[in-house]
Amino acid sequence: SDVGAGVYLKTGTVRDCCITNCQVAAKAGGGVYMENGTVEDCLIVGCKITSGNYLWGGGGICMTDGLVVGCEITGCQTAGQYGHANALFMKGGVADGCDIHHNDGGLGGWNVDYNSSVVLLFKGGTLQNSKIHDNTRSNVPGVKIDTSGTVRNCLIYNNVIPDKNTYTFNGGALYLKGGGTVEYCTVYGNVVSRDNQGQSALFCSGGTVKNSIFFGNGPAGWTDATCTVSGSPTIENNVFDIVPGGYASNNVAGDPLFTDVAAGDFTISSDASPACGYAVPIVGVTTDILGATRSATAPTCGAYEFGGVPPAPQWDVPGVNGGINGIDDGKGGKSIRITSFTLVDGQISIGFEAGKVDADGETFGLVCKENLTDEDTFVINAVLTNGATDTLGILAGMTDKPRLFILGIGPAGK
């Protein structure tokens, strides 16, 4: 097939799947081609397009509409001069909460894919609440927007055009070609190794860039600006290490005071940061990359709202052996929503959302895999009340070795 070697989706949902080492000879979607529907919590790895096509791409995923949510895309490639979008090619739809990383190089060599990128929004689409990092490509190892599309609440870092590229390039982290919108993004540590124009962070010939942070980009020893602007784009309320020429009145220069970039923590550490309160509210954008609520009057520039508290993580645990005393999960069964799962000193504490558990009790089957090899199975009978947190004392003296916990819930006594 020339599209969708792993999955061809017109409608419906693909969830919790691993799509690996699929490839098409040309056109679109080495791993997934989708016209609509939802791809959720999937791993797309090692998928390829082995020859380029000017109007299409997407070694990992190509989407014209629909929703991609919570997916990891890695190790994907496209080929040739027109090998668009190693990882993700969008003509529409929404990609939300994705991790796009280590999509390296082009199959056609380092000096032939000057129209390429790792992520491409081609006249549409929205990429939001996602991380794009540690990719390499000879042109735009980050995100390219061609004409229109929106990149919002994204962290774009450590993407590199390596020294082996001696041809042309257009931006290390972001390239806005004639249009598009970038808002509330954090851009750090991106490098065009042979950069002599100052575009390791941004190359922009149109569109809008606002409420974002551009800091710490460029090759070693580079001391000039890392954002190149042409035409008449709107660039305002951003934090730069060096503000692009002609835009000083609407932007600010300074250190955003990231918490710990070495550990990948790009939250803001202090209200002394120039990013705090410098953004302007955007209608419809009320949360940051983690889901924390943004200030309604003076939000923080970048992907993370200063002082923002993300919502507690949640897991929906399906019932087994006849179901559970929970509620319909919308997936043809019943589930209980877990709001916390912690392990401290051999004690597992599990918190449940109020209203999801009846008071007559359930039976827990817990599988604990130490280092994913040794397996022990435990059945714990516990009486749960709505909104309760039960502390289950098992495996006293448990070590800190990596473990996989598999939790199933069924009617009492089963």
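Predicted model: local features only at pLDDT ≥ 70, side-chain atom pairs only at ≥ 80, totals over all residues.
Let me turn to the overall fold. The chain has 43 strands and zero helices. Of its 414 residues, 50% are buried. Consider next the contacts in the chain with a separation of 6 or more: residues 24 or more positions apart account for 70% of them.

I now come to the aromatic residues. A search of the whole structure finds nine aromatic pairs. One of them joins Tyr-175 and Phe-203, whose ring centres are 5.3 Å apart. Their planes stand at 65°, and an angle over 60 degrees counts as edge-to-face, so this pair is edge-to-face. Where do these two residues lie in the chain? Tyr-175 belongs to strand β23, residues 174-177, and Phe-203 to strand β27, residues 202-204. The pair therefore ties together parts that are 28 residues apart in sequence. Tyr-175 and Phe-203 are both buried.

A further pair is formed by Phe-258 and Phe-266. Here the ring centres are 5.4 Å apart and the planes are at 80°, so this pair is edge-to-face as well. Phe-258 and Phe-266 are both buried. They also belong to one aromatic cluster, together with Tyr-157, Tyr-188 and Phe-215.

Finally, I would draw your attention to a charged residue beside a ring. Arg-294 lies over the face of Tyr-184, at 3.7 Å from the ring centre.

Definitions and conventions
Residues numbered from 1 in each chain as written. Heavy atoms only, no water. Phe/Tyr/Trp six-rings, centres within 6.5 Å; stacked < 30°, edge-to-face > 60°. Helix = DSSP H or I, 4+ residues; strand = E, 2+ residues; numbered from the N terminus. Buried < 20%, exposed > 50% of the residue type's maximum accessible area, 1.4 Å probe, protein only. Lys NZ or Arg CZ within 6 Å of the ring centre and 35° of its normal. Contact = heavy atoms within 4.5 Å.
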